[in-house]
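Please have the sequence and the model open beside you while reading this note. The points below are meant to be followed one after another.

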Amino acid sequence: MYQNERVIGRASESALATNKVLRNTYTMLSMTLLFSALMAGVSMTLHVGHMANLIAFGGSIVLLWFVLPRTANSAAGVAVVFAITGLLGFGLGPVLNAYLGMANGGQIIMTALGGTGVIFMALSAYALTTKRDFSFLGGMLMVGFIVVLLAAVANIFMNIPALSLTISAVVILLMSGFILFDTSRIINGGETNYLLATVSLYLSIYNIFVHLLHLLGALGGDD
Amino acid sequence: MDMWMKVLYAVMLGMMVLFLWPRAKHMITNSPKATGSDWKSVLIPLLGVVLFVMLLISMV
């Protein structure tokens, strides 16, 4: 009897911890997305060039790989997460300005934004309600991502439009898989650090938005 | 885009590959094996994403 109570107690403690990570992750994610949008607005207003995109991208990678792992368990980690998402948002400015220069640019941006929101919410809801363990996806998603990166490196120099569109389509699918994978890790206790969980989900959302924007800009009508 | 910017982008993406490679190897060897129903549970939502993106493209 006592043993049963202890098992129930541990299970409820674990469920509480999972709910706390999930709540903190979604709170932090919404704040970083807002901050990112604000920084994108700032860089759009300032009309920064493509060089800013490159610097912001490089800076966010340095923070992501070398600073966040050392600060993820401290209060400083919150500032690092905001810095990463702020830089990525700032780097989006020139891209968004380029789309706004198109005839239906505003519509494309809003559709990509809304589409990204719907994809994220639907996949999160699916992972949360089914409570399935998607950890088996990890290896395949990472290999897929590396293949896409290699293809992207090649296409920087080859400049093949069809390959560029294929890369965008594959990235959207891979990032959708990462949303399922990351959400299931939080639910099943594989990820207990809400800052790392936030950055993972943010990067998936960011990539879906950027590549959806690319697909809509290239394949959508321009009337 | 200038050539040097292309090279810089390529170097950054190449570094990402080098950085992610050990993690990918670790994940491949340690990921649990999937069953048929596991794959089905992933393919259904991904198919939904594909159809939704196609809908968005037709709307713009």
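1. In this predicted model, 21 of the 26 residues of H7(A) are buried, so this helix is largely enclosed by the rest of the structure. A residue is called buried here because 20 or more other C-beta atoms lie within 10 Å of its own. For chain A as a whole, 38% of the 223 residues count as buried.

2. Helix H7 of chain A covers residues 194-219, and the distance from its first C-alpha to its last is 37 Å, which is close to the 38 Å expected at 1.5 Å a residue.

3. Chain A contains seven helices and zero strands, and from the N terminus on its elements accordingly read α-α-α-α-α-α-α. Among the contacts in chain A with a separation of 6 or more, 82% are between residues 24 or more positions apart.

4. As to overall dimensions, the C-alpha atoms of chain A fill a box of roughly 70 × 35 × 30 Å along the principal axes. The radius of gyration of chain A is 19 Å, which agrees with the value near 17 Å that a compact globule of 223 residues would have.

5. Which elements of chain A give two or more residues to the side that touches chain B? In total, 44 residues of chain A are in contact with 34 residues of chain B, and the elements in question are helices H2 (50-71), H4 (105-130), H5 (138-158), H6 (161-187) and H7 of chain A. H5(A) gives the most to this side, with twelve residues. By class, the side of chain A that touches chain B has 29 nonpolar, 14 polar and one charged residues.

Notes:
Residues are numbered from 1 along each chain as its sequence is written. Chains are lettered from A and ligands numbered from 1 in the order in which they are written. This is a predicted model: local features need pLDDT of at least 70, side-chain atom pairs count only at pLDDT 80 or more; totals for chains, interfaces and linings use all residues. Helices (H or I, at least four residues) and strands (E, at least two) are DSSP runs, numbered from the N terminus. The expected span of a helix is 1.5 Å times one less than its number of residues. A residue is buried if 20 or more other C-beta atoms lie within 10 Å of its own, exposed if 12 or fewer, and partly exposed in between; C-beta atoms are placed from the backbone. Two residues are in contact if their C-beta atoms, placed from the backbone, lie within 7 Å. Ala, Val, Leu, Ile, Met, Phe, Trp, Tyr, Cys and Pro count as nonpolar, Asp, Glu, Lys and Arg as charged, and the others, Gly among them, as polar. The radius of gyration is taken over C-alpha atoms; the globule rule is 2.2 Å times the number of residues to the power 0.38.
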